[in-house]
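We will walk through the sheets and loops together.

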Amino acid sequence: MNDKLSVLRELAIPFPIPPSFRRQARVYASQYFTPAVQERVYLNTLAVFVADAYSRLLGFETNLGKPERWNVVNRLWSEANELELLGLGNLECCVIATGQESITIPSESLSDTNSICIGYLFVEIASSQTAATLIGFLSAVHPEITDVEVAITDLQSMDDLADYLAQAQTTQTNDLTREFTKRKITYLRNWLNNIYTADWQPSMRDLRGATCKKKLYLAGQLFNLQLSVSQSEDELMLVRVIVQGENAYLPGGMQVSVPDESEIYTETVNEAADLIYIPLELVSGEEFWVELRLGEDSIREYFIA
């Protein structure tokens, strides 16, 4: 064993594979068509479950709890080896066997443009399928990634992965802060002090809160954006976002999105609706935005609670 591999092994993370992981992976893999693909998807899914458990230990949220993650009909292009870290992007989980010296990263992983790949995590599955080892990773911008066949000795360690994800999370937060410095900001606390800007029209005020409206043009249509603001006893800012159209109903396919911790929460008009309503609980001084999207057109309003 050479020095680089020895270091990787010393820093590798062993992880048990409980029966529940194996059972869920078999159920999911059984929805694919051929035995060879089923076995590959089964191992990939075990690797994803292990990576998910490890990511959560590090404090990252993932998409595994979302039903659409397990909708095979919408995922036939994929062999289910990606783990989405909310707000950051996908980790592609690559299964390796004990003693394997290299792995070929599937070309579809390299060329997929439907999501942001932040790196490749290499997971060794024991022949008993009761244990796994997180061996190492490669970032998506790593020079070795240009060659689809990667030597195990070229991997970065699991310590490097933890640092890489922490840096990516910091960068994502800084990107949001930089975005706000370039935009016109509405300070919601001003509304509680009866201070308004010209583009927001006060529509209601009482001892507990204030409500203002603004008209927005999007895709040739006129919409009303309304925010109601109040403050809770524990000093949280309570914000109610309501979007309505000038016509009786909002157009189908329209989306309203807000940031929600490390992910983006979106409400979509799938059937006749006269409004979209999103409640928020924010810390005083917290930055957020409201985005309206219709087809290829979108508009954002920026706020500080």
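Two strands count as paired here if DSSP finds at least two bridges between them. Keep in mind on this tour that the model is predicted.

With that rule, select the open sheet of 5 strands, whose order is β8-β17-β16-β13-β14 and whose pairing is mixed. Its edge strands are β8 (185-187) and β14 (263-268), each of which pairs on one side only. On average, neighbouring strands in this sheet are turned by 25 degrees against each other, direction ignored.

Now zoom in on one pair from that sheet. Strands β13 (residues 255-260) and β16 (residues 287-294) run antiparallel and are joined by 3 bridges. Show side chains for Gln 255, and you will find Arg 293 of β16 standing opposite.

Next, select residues 82-85 and 89-96. These are β2 and β3, an antiparallel pair joined by 4 bridges. Leu 83 stands opposite Leu 91 in β3. The two strands form a hairpin with 3 residues between them, and Gly 87 in the turn has a positive phi of about 90 degrees.

Because its relative accessibility is 18%, Gln 129 counts as buried; the cut-off is under 20%.

Last stop: Asn 194, with a positive phi of about 65 degrees. Asn 194 sits in the loop between α6 (188-192) and β9 (201-205), and its 48% relative accessibility makes it partly exposed.

How values were computed. Residues are numbered from 1 along each chain as its sequence is written. This is a predicted model: local features need pLDDT of at least 70, side-chain atom pairs count only at pLDDT 80 or more; totals for chains, interfaces and linings use all residues. Side-chain values use heavy atoms; hydrogens and water are left out. Buried means under 20% relative accessible area, exposed over 50%, partly exposed in between (1.4 Å probe, protein chains only). Axes are lines fitted to C-alpha atoms, for helices over the stretch in contact, and angles run from 0 to 180 degrees between N-to-C directions.
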